[in-house]
Structures are given as C-alpha cells and as structure tokens.
Amino acid sequence: MKKMSGNEIRSRFLQFMEKKGHLVLPSASLVPEHDPSLLLIGAGMAPFKRYFTGQVTPPRHRIATSQKCVRTGDLENVGRTARHHTFFEMLGNFSFGDYFKSEAIPWAWEFLTEDLELPKDRLWISVYTDDDEAYDIWHNVVGVSADRIVRLGKDTNFWEIGPGPCGPCSEIYIDLGPERGCGSPTCGVGCDCDRYLEIWNLVFTQFDRDEEGNYTPLPKKNIDTGMGLERITSVLQQVPSNFETDLLFPIIEAAQTVAGIRYGMSKESDVALKVIADHSRAFVHLIADGVLPSNEGRGYVLRRLLRRAVRYGRLLGMKQPFLGQIVSSVVKTAQPAYPELVEQEAFIQEVVGREEERFLSTLDTGLDILSGMVTELKKKGQHVLSGPDAFRLYDTYGFPLDLTKEILSEQGLQVDEDGFEAQMQKQRKRARQAREQADGMGVRDQEEIVFSDLVSQFTGYDNLVENKACILALVVEGVSTDMAAAGEVVQLVLNRTPFYSESGGQVGDQGLIYTDQGQVQVRDVKRMSSGAIVHIGQVITGSVHVGDTVTAQVDKELRLATARHHTATHLLHQALRQVLGEHVHQAGSLVAPDRLRFDFSHFGPVTQQELQQVERLVNQRILENISLEINVMTRSQAEALGAMALFEEKYGDLVRVVKIGSYSLELCGGTHVKRTGDIGLCHIVEETSVGAGVRRIEAVAGMVAWSLWQEQDMIVAKAAQLLGGTKEDILTRLESLIAESKEKDKEIARLNQVKLESIALKLVGQAEQIGDSQLLAACVAAQSMDDLRQIVDTLKIQLPRAVIILGYRSEDKANFLAYVSPSLVSYGLHAGQIVKAAAQVADGGGGGRPEMAQAGGRKPSKLEQALSTAAAIAREKLQSI
C-alpha cells in the first residue's frame, strides 16, 4: 500500500480517468446553478442531474471530477466519529449512456490495486442481491474470490429516490484489521464497526421506476461512482480517522496553537478541535462560492457552521475572535486544488470576522439566559425547553436551533421543535404581511382561471405598435364579459401584443389599445402562467368588444426610459462585481421608467469611495457607446458562453442572452437600449441595507438622472446665493458658518453657566439649617433638566451636607430634581423617594438613585405645593438624625 498525500490521490484519480477517455472537469460551485430543488451540492453527481435525465447534452459522455460537497444532516456526529464531515470531496467518474458495468468495475479495481497499490486480499465487494451481472464481472472478469463478494439487500445496495432513474450498486470495502473491529463472530461487510470501511460506491443506473413501483430497463444506462477523498486518504496514510490526514490535521494544528492546548489531551477538547477544523473548511468554501451569512437558505447553513465553530472555540477558552487564523490554515491546505481561495482570502477573512464579532457580542448573554432556562427546567422537573424560549434565543441572541439543541442535549434536555417552528412561521407571516402591498388593479387567481386556455404572442422587442391584434378575452370586476364600456377597469388579452409584461424585475409597459369605437388606457401588463398576457387598464372612451381588431401602442418614452434603466442595471451589476468582488450576485431588482433598484449579496455597507468607483465604471461604459448583442439560444449554449443567470429565476429551453461588448453577459428577457450611449448617464442615489448579507442600490438614468442633476444644481445655486458667494465657495462658506455657530454656542453656554451659578449662589441663602444639615426647596427659572443639574453642582460645593429639591415649569409640565449628599444617604434619605412624592402631588411620577433623581408632573400649577410636600418629608427625616 503506497502512502500518498491527499492532493496526490486526487490528482492520480483524475489522471487515471482521463486516460480512460473521461473529460476532467473542475469542481462545480457548492451553490447549485440549475437545480432549485437543492440548497447545496451534497454529492458528486448533483451538478450532472440534467445530464442523467437527458434534459441537457453533456460536453462529453464520460466525465470525472473531484467535487466539493456540503452536508449538515449529521451535524451532531461531526468530531465524534472518524468519518462524519460537513465538508468533503467526492471523487467520481460518470458515464451518460456510454460505458456500463463491464468497464466501471474493472477500472475501479485497477485504480485501487495498481495505482494506489491497495492489497487485494484486504478488499471486499458487496453487490445487490439480484445483480448477477455485477457478481459475474467481479468474480469471473476481475477475479475476486466468491467468499469476498457479499450480496446485500435493497436498503444498502439499491439506489433510488422515488419514481425515476434508479439501479443497483456495488460497494468496495477494505478490511482495516480485527483491532478496528467489534470482536463479534458475525463481524463482516455491513457491520456498524470500523473494521470494514466502505471506500467506493459504484451505482448502476439501469431502470426507470414508475409511480406503481414497476421497474423498466432504461434504453441508455448510466454510471455514477463516488469515493470520499478523505476516507481513501485515511486508508493510505494509515491513520485512525479522516481528521488525522493531511487534508484536515494541519487545520487542527492551527486551532490547537490558537487555543493553547494539545490534540489528544482529552476527548472533549479533541471533539472541539475537530469541529472547528471541519466547519472551517465548509464555511471557507461556501463563502468563496458566494454564500453570505443570513437567516434563510444556504446563508443560514453558513451562519450555523460559523457560530457552531465559535461556540466550540469558547469551550476551549477562546473568548476573542480566532477564526481568521483558522481560515489562513484552510486556504494554505486547500491551495493546491483550489488556488482561487488565495485570491479570495482577504474577502473570506472579512466575512468571517464580521460574523464572528457579531455572534460574540451576544454569545455570553445568550449562554447566561439559556443557563437560566436550564436551571428553571431542572427545578420544575421538566425536560423540554419551550418553542417560544428557543425562538427568543434564535431571534434575539442569534442562536441557531441546532446550537440550542446541542447545548440542551449535553444537559440531558430537549427542545420543542414544533413550538419553535410555529414561532418561526408567525414571524415569516408577519414579514410577509409587512411586504404585501395592495394592488387594486392586480390580476387575481380568478383571472388565472379565466385566462387559463389563452396564449399571447409578444411582438414588442422590435415593434412598439401592433396594428392587427385581436381581443381574445375581457374581464371586468373579476367576471368574464364580451364588452367593456367607458369608465370600467378592464383586464384584456390580445392574441399579439407589443406590450411587455412585468417580469424579471422590469415593470409592465403602459400605452393605448384602441379601435374606432373605443380606447383603453393600459396602466400595467402581467403574464399568466398559461402564457396569456393581460393588459390592465381603463376604458377611457367608447367601448371595446371581444373579437375586435385593435391597434396596440406602447408609450414610446416610458418604454425607452425603462430600457435605459434596464441596461444600466446590467452595467451596474458588473461594476459592483469589479469593485466589490465576484461574490456579488443579484438578489432582486426593480426596473421602471423613473428609477432602478438593485439588490445584491454583500457583507457590509458599500463605502462612498466604492460607490463613486462603481458609478464611474458604469458611466465609462455608457460613454464608450457599446453596441448590445441580443441572441436567443439553448440554455446549455448560454452556459458555455459563461452567461450569468439568477438562481431563483425560471428559464425555458430557449433563453435570451444580452451581451454588452466584453463587459457583461447575462440571461435576460427584458427590454434594452441599442447602444450603451443611449442611456445618457447614470447616477447612484442611495445605498442601504435590505437584510443580513443583502444591500440595495437605488439609481436613476437618462433624462431622470439629468432632471435630478438639474434640480440639485438649482439647489446648489440657491444655497450659494443665500450664502453670498459662488457655487465653488459653498463648502468654504458653510465651514466658516459652522465654525462661527460653534463659537457662538460656546459663548451662549458660558453665559448660561454664569447665569446658573448666580442663581445657585442666591439660593444658598434660602437654605434651612436643620442640625448640622441644610434643606433647600425652591422653584427656579430654568429651561431644562440640565440647567437644574448645573445649579445643583454649584450648590453641592456651598452646601456639603444637604437635601436639595428644585423645580421649574415647562409648557404644561412640572419638573423636579432632588439631590441628597452622600453623607445623608446612610441615614435613610433617598432622593428617588423624595422626588417621587413631589411628582405625585403634581399628578406625575418618577424616581431614581438615592443621591440624585428626577421626576415630572402634568399639573404645573401644583409646583409650589409639590416642593412644599417634598420638603416636609425631607425635613422630618433630617430632624430625626
């Protein structure tokens, strides 16, 4: 058995498969590009699902990869077993209707026994119970003895996920020796112990299962194999677990250095180090593939892993941010296979640092609160934390549910997950209701039914007028009708229309639909799922009828203004990626005649300097007057060109690709200008936060931008006029005025201080002597509570052992401040109680510390009476000393 590095094993596998005629592809992103059913890539075959199903033709019928994968289903086992990981690499070779078992099986044996030099007498094979074909190849062609081939049932050796392509599989195991076993006399392949380790799974996709459970042979059979890189590396490096391989142990060493401990000191600390190493690999690759922390979807997966690593660091005594140092180790270890990590390291560090600091700011408080909850549960003899309590930890202190579950399980407790989910659904419902806006002219479900059999042809990319359109249907107030008259709000479907329907963030067109008998003012356009394009508007003259031949005319100026903003959005998207990084992806947009709104993934606010860079880049492309190329092609052709697509967007078999020179290439069905120069200019108005990891830019283009510039220029000119100078002098004049104002404020404050000190000195003579203490209660001419405090500060020096109660009137309120010298507090005098008594007389309330407190009342006419009451309370206390 040849000892090799993990990087060498990966390279050898890909080289071997390349010699067998496979196209070697780099690992796909962890973010699925064309599969909305997947949150993250979790298997080697996942990026090729459309090749297996025949939806898309593969670039070659033989492909091999080492695919990055992330799975979080067994999160609690990571670090506690030898093999569980959140991030791992899967070596795989795939055949899409090309070779089958007679090639896949001997190649697997050849690679293991000849390239990796695994001892043949330690390899075992499992096949599906009824798969005689695979058994014969292993036994008669490869030469594996019958006693080393085990037939296993459907639960382990048949791959299927509901109806669809499926088939038997054959697994290759290596015997790690009796010292790794359970000692049972029945121990063998399939046992749960660590002796017989599965290292490669060969899946033979040869059947199509229908809804009734019938299996029909596929006309073209496929091969899908998977071998975990970390597993095979642990075998060749002869270490007890994947964590001791050179793929993971350097990261563990980095973590132990930061924590100041040594791997192997205790089981608990070893688990923590393994979790940190494993999770760090996962979140580094996720961030590199464009995922940012959030509370939804894959962003939440990332946040969970990051925060779980932070919590395990805390268990090792690390109270300060430490993950940045671990990131460097991950990048260094993975660099040979993933050199792009080096380029992205600074960005990854920033994202990790921000998230770590954010969680650390609430971690201690959250842990204290959870500890209190655990104590209360145990006192009451209960074992389940309520859903609302778990949700409060999540919502207020950032504790992912599984982190709460894990901490509770360490105490032998559980969480009410159904209750937690109920609280989560309530929050989502509140958020959804907050987002919903009334749309009085919208198309409702009833109209979906009315228009379900209708289809419209869109003709408006190149023409804004359609002279021979026919009205297919009319709906007034949700009811299908043959005629709509003046004044009625109508929903109207044509067989052909130049009106663009709201889609991809672009608003629907406006304009007119008319005949000699009537006119409809179109205010919005929407597309039904059936393909019907619904024009929403109002009949402004005459009447229109089903069957009428009409002229449909789009408002040219509004369409052009919208097109300017749409093309500007594409330029903005690319400029943001240039300035901020390749992690920037569109997260939503609005394209309208008067503005554009662009939501994008980014971890923090965009600086003013960065915004200026982005705006400059956009306007440079506008000035270059680049021609747009718009082509319709298959989805696979567009992907081959590198066109950007939105993950959430649904695309058909044919897609429209918008190319702006060599600068931008995107899938887009919207309307655009002919050349970038047609935009005129673009100006960023505002940049804000939409939510965790998502930013928003509002911008304007064309005449809207010019009008805004003109308006702002007029404001500047008016400001210059008011300041008595030119536009160029505005900043200088403003800075001078602000400086003057600050000086005047200082002088006013100084004069006010002198006035307040004078008031205080006059009050000293009014103090009542009681024993060796003084009592002063007075109404003063103050303007604020701060004035009272300043007066008290002066009186404290003149009356070192005193009770001072002051009040003043402001509008419809009485205000009080009480002070008790520290030497008198020990005798039971309490400023908070004294001032509260005064406020109650004036129909108010308040209180505070024993030495100083303030209050207010709603009846200023009771001010003197209130001060007298408070003075009497203080006097009685002082006389008893």
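# Helix contacts, cores, rings and sheets

Guide: In this predicted model, helix H9 (residues 297-315) packs against helix H13 (residues 401-409) at an angle of about 35°. Their axes are 9 Å apart.

Visitor: Which residues of H9 and H13 make the contact?

Guide: From H9, Tyr300, Arg304, Arg308, Arg311 and Tyr312. From H13, Leu401, Asp402, Leu403, Glu406 and Ile407.

Visitor: How many are nonpolar, polar or charged?

Guide: By class, the H9 contact with H13 has 5 nonpolar and 5 charged residues, and no polar ones.

Visitor: On to cores. How many residues does the largest nonpolar core have?

Guide: 74 residues. Phe283, Leu323, Leu370, Leu385 and Phe399 have the most contacts inside that core.

Visitor: Which helices supply at least two residues of this core?

Guide: H9 and H13 each do. So do helix H7 (249-259), helix H8 (267-288), helix H10 (323-334), helix H11 (340-380), helix H12 (387-397) and helix H14 (417-435).

Visitor: What is Phe399 in contact with, leaving aside neighbours within four places in sequence?

Guide: Its contacts include Phe359, Leu363, Leu367, Leu370, Leu393 and Ile407. Arg307, Thr362, Gly366 and Thr404 are also among them.

Visitor: What other core lies apart from that one?

Guide: One of 44 residues. Trp107, Leu112, Leu123 and Leu197 are among its members.

Visitor: New topic: rings. How many aromatic pairs in the whole structure?

Guide: A search finds 27. One of them is Phe13 with Trp200. The ring centres are 5.9 Å apart and the planes stand at 65°, so that pair is edge-to-face.

Visitor: Are Phe13 and Trp200 buried or exposed?

Guide: Both are buried.

Visitor: And what about Phe158 and Tyr215?

Guide: Edge-to-face, because their planes are at 80°, with ring centres 5.7 Å apart. Phe158 lies in strand E6 (residues 158-159) and Tyr215 in strand E9 (residues 215-228), so the pair ties together parts 57 residues apart in sequence. Phe158 counts as buried at 11% relative accessibility. Tyr215, at 30%, counts as partly exposed.

Visitor: Which residues do ring pairs link into a cluster?

Guide: Phe48, Tyr51, Phe52, Phe94 and Phe96.

Visitor: Now sheets. What is the order of the open sheet with 4 strands?

Guide: E22-E23-E28-E27, with antiparallel pairing. Strand E22 (586-591) and strand E27 (682-691) are at the edges. Each has a single partner strand, so one side of each lacks a neighbour in the sheet. Neighbouring strands are turned by 15° against each other on average, direction ignored.

Visitor: How many bridges join E22 to E23?

Guide: 5, with E23 covering residues 596-601. Ser589 has Phe598 in E23 as its bridge partner.

Visitor: Which helix lies across E22, E23, E27 and E28?

Guide: Helix H16 (residues 556-580), running at about 25° to E23. Helix H19 (residues 702-723) also packs on the sheet, touching E27 and E28. The direction of H19 makes about 85° with that of E28.

Visitor: Last one: why is strand E32 largely enclosed?

Guide: Because 7 of its 8 residues (813-820) are buried. Phe816 stands opposite Ala855 in E34.

Notes: Residues numbered from 1 in each chain as written. Predicted model: local features only at pLDDT ≥ 70, side-chain atom pairs only at ≥ 80, totals over all residues. Heavy atoms only, no water. Pairing = 2+ DSSP bridges. Axes fitted to C-alpha atoms, helices over the stretch in contact; angles between N-to-C directions. Contact = heavy atoms within 4.5 Å. Nonpolar A, V, L, I, M, F, W, Y, C, P; charged D, E, K, R; others polar. Core = buried A, V, L, I, M, F, W, Y, C linked by side-chain atoms within 4.5 Å. Buried < 20%, exposed > 50% of the residue type's maximum accessible area, 1.4 Å probe, protein only. Phe/Tyr/Trp six-rings, centres within 6.5 Å; stacked < 30°, edge-to-face > 60°.
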